[in-house]
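This report is for a reader meeting the structure for the first time. Please look over the sequence and the model below before reading on.

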Amino acid sequence: MGWAIATARPEPAKPGLPRPERGRPVLPSTFVSRLGRLLIGLNFLALAVLIVGALVLNESRRGLVEARLDSLNTQGAFIANVIAKAATVGEPEPELIAPRAAQTIQLLFLSRSQRARLFDKDGTLITDSSVIADRIQQQPLPPARKPGEAGFRWPWQKPREVRDAEMHARAVAALDREVSMAMKGSPEAELRPSDDGRRVVSVSIPIQHVQAVLGVLTLEAGDVDQIVAAQRWALAPFILIAIAVTLASSLLANLLVARPIMRLSRAADSVRLSRARTMSLPDLADRDDEVGDLTRSLEAMTSALSDRMDAIDRFAADVSHEIKNPLTSIRSAVETLELAPTPAAQARLLPILKHDVGRLDRLITDISNASRLDAELSRDAPRAIDLDALLRDLSELYGATRRGGEADVTYAGPAAPLRVFGREGPLSQVFRNLIDNARSFSPPGGSVNLTARREPGRGIVIAVEDEGPGLPPDNLESVFERFYTQRPKGQPGAGASFGGHSGLGLSIARQIVEAHGGRITAENRVGVDGGVVGARFLIVLPEATAPRLDRGNERA
């Protein structure tokens, strides 16, 4: 029979549906994935290393700067107190003795990494430790140029002299602002730029005699950039660890995901190009992750396609054999018709020709229906069906169209609805095939009984019973094979003549029932005396109590 493979977009998986291969719930969450959890965890680890390192070093840098400010504040307060005691007078007016204050700073200020400046109450510089210590300010010189060669600079860059002047102006403005704030009588501490563009930690302590502010002592330390640079270098191990983790996650993704998928892609291409029917990747199928699931799914898919191709081959062979029989009969009748000596002999051959042509027409029609069956099953979306109503409508239809001598069709079912999950058209075809088959074996005026019941733990059981001669005990399973026909000679039932049936009805019925996750069997009915009083076909279908994944969807 023909097979149709649907290429439409599959419907999204619903929560709670079982996976056909592994039996685990299908959840729309990335965290179900083993590889997803691994890659996400590694990436988060790399980010966490950077974030934690930055937070730790930021706190450490802040602590170092604050400690430096506290140290300068303590040192400046001490020097300011000494100057207030040794270099200020209060009569007749409070006054700061500048030479004595400068001498005091020279004696007390010993650190070469710091700079002390003393301003009077008007903001005029009295003394500078860098001048007292005769320090020389060092700056790197620009690279040497040949005579007449102009220094290159980008269009948006300012000349060096302009940049130096602006930098000096910003440093002077920041220092004046700090001194002005300290002149109000409270210590001032801040980070501000220096003359050479570096950042310095600076404190300004007012020098007071009683309540009068006579000057300001400013202490600054220029090692802030060294502290920041050291902290940045301390961040390097965290950066290297984060890079290593990211690189490891990338390598794992390439090793565990990209390369196996490339192998699967090449294997699928080899199946397509070499027209092979199977694909085996045992080293990947043993993996307990999504790549293993994909490998097993591909192997199952190719195996199913191989089975379908084998079924197509067998079906084509069976069709060829079955069509040859009526064609051979027709050819023999035509050849004999030409050799018939009398019109009476020719007239006897015409019914044979008509019968074989009708047989061939029924055979081709049934073959066409069987070949389209899978396409119809994959095209129709399954839904909940009231089986009780369906069987009741069928029995009424057969009763309304019954002709004289045909078996009557009766139905008995429970009061409660019987619901199955499937496709109404194909299921109706199953019951019609069974009813037609049962009527063809039943004697004139007989009856075909349909019953349906619910059996806990088993599902819904439908029985189709006739009053015919029954089935040979050895053929209870063979009757479901394609093109199987065996009817007793002289049977009085309708349609019992040779060639009246193609032998595909029960085969189609089994295919549809199995596509709905059920099963169909045949047995003989036995009377009280132990004799066979008819045949019974039993269909078991799962009840539609909850959404489920039926085998009909797997075909698509």
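## Basis of the model

The model is predicted: local features need pLDDT of at least 70, side-chain atom pairs count only at pLDDT 80 or more, and totals for chains, interfaces and linings use all residues. Residues are numbered from 1 along each chain as its sequence is written, and side-chain values use heavy atoms, with hydrogens and water left out.

Helices (H or I, at least four residues) and strands (E, at least two) are DSSP runs, numbered from the N terminus.

Strands β3 (residues 114-120) and β4 (residues 125-128) run antiparallel and are joined by three bridges; two strands pair if DSSP finds at least two bridges between them. Leu-118 stands opposite Thr-127 in β4.

The two strands form a hairpin with four residues between them, and Gly-123 in the turn has a positive phi of about 85 degrees.

## The aromatic pair

The structure holds one aromatic pair. Phe-480 and Phe-537 form this pair, edge-to-face, at 6.0 Å centre to centre with 90 degrees between the planes. Rings of Phe, Tyr and Trp (its six-membered ring) pair if their centres lie within 6.5 Å; planes under 30 degrees apart count as stacked, over 60 as edge-to-face and the rest as tilted.

Phe-480 lies in the loop between β12 (459-465) and α12 (505-515), and Phe-537 in strand β14 (residues 532-541), 57 residues apart. Both Phe-480 and Phe-537 are buried (under 20% relative accessible area; exposed is over 50%, partly exposed in between, with a 1.4 Å probe and protein chains only). The charged end of Arg-510 sits over the ring of Phe-480, 4.2 Å from its centre (NZ of Lys or CZ of Arg within 6 Å of the ring centre and within 35 degrees of the ring normal).

## Salt bridges

There are 17 salt bridges in the structure, each a side-chain nitrogen of Lys or Arg within 4 Å of a carboxyl oxygen of Asp or Glu. One of them joins Arg-117 and Glu-220 (2.8 Å, N to O). Arg-117 lies in strand β3 and Glu-220 in strand β7 (residues 212-221), so the pair ties together parts that are 103 residues apart in sequence. Arg-117 and Glu-220 are buried.

Arg-536 and Glu-523 also meet in a salt bridge (2.7 Å, N to O). Arg-536 is in strand β14 and Glu-523 in strand β13 (residues 519-526), 13 residues apart. Glu-523 is partly exposed, with a relative accessible area of 29%. Salt bridges that share partners join Arg-117, Glu-178, Arg-192 and Glu-220 into one network.
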